[in-house]
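Please work through the following exercises with the sequence and the model side by side. Each task is followed by a solution that goes step by step.

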Amino acid sequence: MVEAPVEKAKKPSPNAHLKTVPQERELRDRIRAEAHQFAKSIDRSKQLTKPELQKLGEELLQQAGFDQQFLGFTMVAIANEFWRDQVSAVDFKRRLLLLPHCLKNAEGCPADYDEFGLDCRKCGACEVADFKTKAEDLGYKVLVSEGTPIVLKIIVSGHVDAIVGVACLNVLEKAIDKILLAGIPCVAAPLLSSNCRSTSVDNDWVFDLIGLKTEAPKQVTKTYVHLMRASNQMFEPAALDKLAPRQRAKTLTPDPSPGERGPTGDPLALHEKIAYDWLMQGGKRSRPFITLAAYDALTGGKATRSADGIDISDSVKRAALAIETFHKASLVHDDIEDDDTFRYGQETLHRQYGIGTAINVGDYLIGLGYRLVSRERKTLGSDVAADILDKLADAHLKLSEGQGAELLWRDAKDKTITALEAMKIYALKTSPAFEAALYSGIRLAGPADAYEKMITDFSRHLGVAFQILNDFKDWEGDSDNKLVAGQDILAGRPTLLLALALEALTGGDREELLAIVHGEHPRQAQNLVPRVRQLFEKAEVFEKAEKLVEKYRARTEAIADAVEPTELRELLYYLVDTVLDRVEPEAPEAMPQLVALSLPLAHA
Ligand code: SF4
C-alpha cells in the first residue's frame, strides 16, 4: 500500500500574534475544556508543527465562538492536551519544572541568581516556593529561569524526558515550535500577564500539571530527541575514547593547564590532548545528529519512536564523528583567519596556544576525520567508505573555496560584489558540511545514487537561506556569537546585504558605502553602523533578503515534498524548520535554552 504523503504545513498566517489571556477565569476554563474535547481527534503519532497548531487553534475558536484574540492561549491549551498523556507517563524524577523569575515578589524577594537561575529561598512571599516545594517533593528538577542554556544540556544529556513550564504567552509563542520540533513532551500554564514583574498564574492549573501521573499512553509521538542525545553522548570522554582511541594519552604527565605552552609532558600527548579537548568543546553536535538521523530515517526510523529503538553501530557513529572533526578543524582555522578572541566562552585555540599550534591542531583533526572513516572500510564496506570519503573531500574543497573567496575579497582593492557572487560564497561556505552529513547518513544506510542530486540541491538552498538569516542576526546583535550589531560590515565580510545595497544604491550613497567598506570613511566607528543601517534601509536590502530567504525555504520544501520514504521526508522538513528558525529580536530571552535546539550549520 502506498503511504499517504505527509503534507508540509506552510508558514503561519500573519495573525500569529493574537495572544491575549482571557481575564475571566470562567472563560479560561471554558477554552481549556473545549481544547480537551477538541484534541481527542488529533493524531499523536507525529509531531505537531506550529502552523498546524495555529490552524487547530483557529478552528477551535471559530467552532466555539470565542474571540480570535485568544489564539495564543488556545494553542497552549491544545498543545497541553496533545502532550498530557505523554507527560503524565514520565517518571517525576525525569521531569523538569521551569518557572519564570517574574513570578517572584518584586519588592522583597531575598533570592539570588546563580548559574541555574533564581535560587528561591522559599520565603513564602510568592507562589514560586509552593510550586517548587511540591515539584521537588515529587522528584522534579526545578529551574526558576527563562534564559539558561543549562536546560538544553539537561535535555540533550538525557536527564529529563518531559517539561512542565510556566511562562507568559510571549515567551511561549517563541518557544512553542522549538518544543514541538524537539518532540519533548511539554505542558505549560500561561501567566495571566506578560508585564515581566510580579506576575500571576492560575495556581491550581500549575499544581494539576505538576501532579499529572498516568500509565504510559498507547501512542507515542515521534521525536528526534533520542538521536540528539545519541549524537551528544558520542562526545562524552569514555564514548569518545572508545570511538576514537587516543594514541598518546598514557604518556601525558602532568596534566597541562590551558595557556601553559611549555611542554609540561610528552609534547605528542599534549598536542593530542589539545585536539581532543577542542573536539569535545561546546557546540550542538548538529552535524553528527544529521548523519545519525538520516541513517535512522532510512533504516526504519525506530529511534524517533523510542530511546530503545536506537540501533547504531560504532562504525556508523565514527562516520558521524568524522563530520564533527572536520567542522571543529574549520573553526580553528576560521578563528585564526578572523583573529577571533573567544569561542565556546573561552579564548580561541590560537590565542591560547599560538597560531602555529592551532593550525596544526586543525590539520590533525582533518586527518583524524578521514581516518575515522577509512579505518571502517572493512565493517562498512570499501565502496561505502570510499563514497563517504569522496563526499568529505568534496565538502572540504568547497568549504576552502568559499572561505578562500571571502578572504581574497577582504584583501582586495575592489570591494564591489554582486548578489550572485555573495550567494555563491554562501553556498560554498555553508552547504558542504550539511551535504556531507546528510549524504553520509543516507549512504551508511544503503545506496545513495538516487538521492545525490536531491541532497546537493536541498543542502545548497538550505545553506544559502541559513546564511542570509545569519546576516539578519548580525543586525539584531545576536547573543550566540556577536554581541554588537553590524559587525559584518566592520569586519569587511562580503555579505548578501552589502551586495544588494551596492546593486541598489547610486551616486554619493554608493560611494559612501564603498568608502566605509574600504575603511576610508571619516566617521567614527560608533557612527558607522547606524549610517550603514540607513543606507541598507534606503536600498531596501532587508526586505529583498527576506524575500530571498522565503524563496530558498520554498525550494527546500518543494524538494523535500518529493522525497521517499516518509521518515526521510519528515527529517528534511524538520531540518528546514529548525535550521531556518529565527529568534525574534525583541525577545532574545525567550527560552533560548529551547531555541538552542535549532541546528546552525555555518561556521559562524
Ligand atoms: S518564595 Fe522564593 S521567589 Fe518567591 S519571593 Fe520568596 S525567595 Fe523569592
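Axes here are lines fitted to C-alpha atoms, for helices over the stretch in contact, and angles run from 0 to 180 degrees between N-to-C directions. Helices (H or I, at least four residues) and strands (E, at least two) are DSSP runs, numbered from the N terminus. The model is predicted, so that local features need pLDDT of at least 70 and side-chain atom pairs count only at pLDDT 80 or more, while totals for chains, interfaces and linings use all residues. Residues are numbered from 1 along each chain as its sequence is written, and side-chain values use heavy atoms, with hydrogens and water left out.

**Exercise 1.** Describe how helix H8 and helix H11 cross, and which residues meet there.

Solution. Begin with the axes: those of H8 (residues 225–233) and H11 (residues 286–297) come within 9 Å and cross at roughly 130 degrees. This makes H8 oblique to H11, because angles under 35 degrees count as roughly parallel, over 145 as roughly antiparallel, 65 to 115 as roughly perpendicular and the rest as oblique. The crossing is right-handed; a crossing is right-handed if the near helix is turned clockwise from the far one by less than a right angle, and left-handed if anticlockwise. Next, take the contact (heavy atoms within 4.5 Å): from H8, Leu227, Met228, Ala230 and Ser231 meet Pro288, Phe289, Leu292, Ala293 and Asp296 of H11. By class, this contact has seven nonpolar, one polar and one charged residues, where Ala, Val, Leu, Ile, Met, Phe, Trp, Tyr, Cys and Pro count as nonpolar, Asp, Glu, Lys and Arg as charged, and the others, Gly among them, as polar.

**Exercise 2.** Determine how H23 and H24 are arranged, and what is found in the loop between H23 and H24.

Solution. H23 (residues 541–561) packs with H24 (residues 566–579) at an angle of about 170 degrees, their axes being 9 Å apart, which makes H23 roughly antiparallel to H24. Arg553, Thr556, Glu557, Ala560 and Asp561 of H23 meet Arg569, Leu572, Tyr573, Val576 and Asp577 of H24, and the residues of this contact divide into four nonpolar, one polar and five charged. Finally, inspect the loop between H23 and H24, where Pro565 is found; the peptide bond from Glu564 to Pro565 is cis, with omega near 0 degrees.
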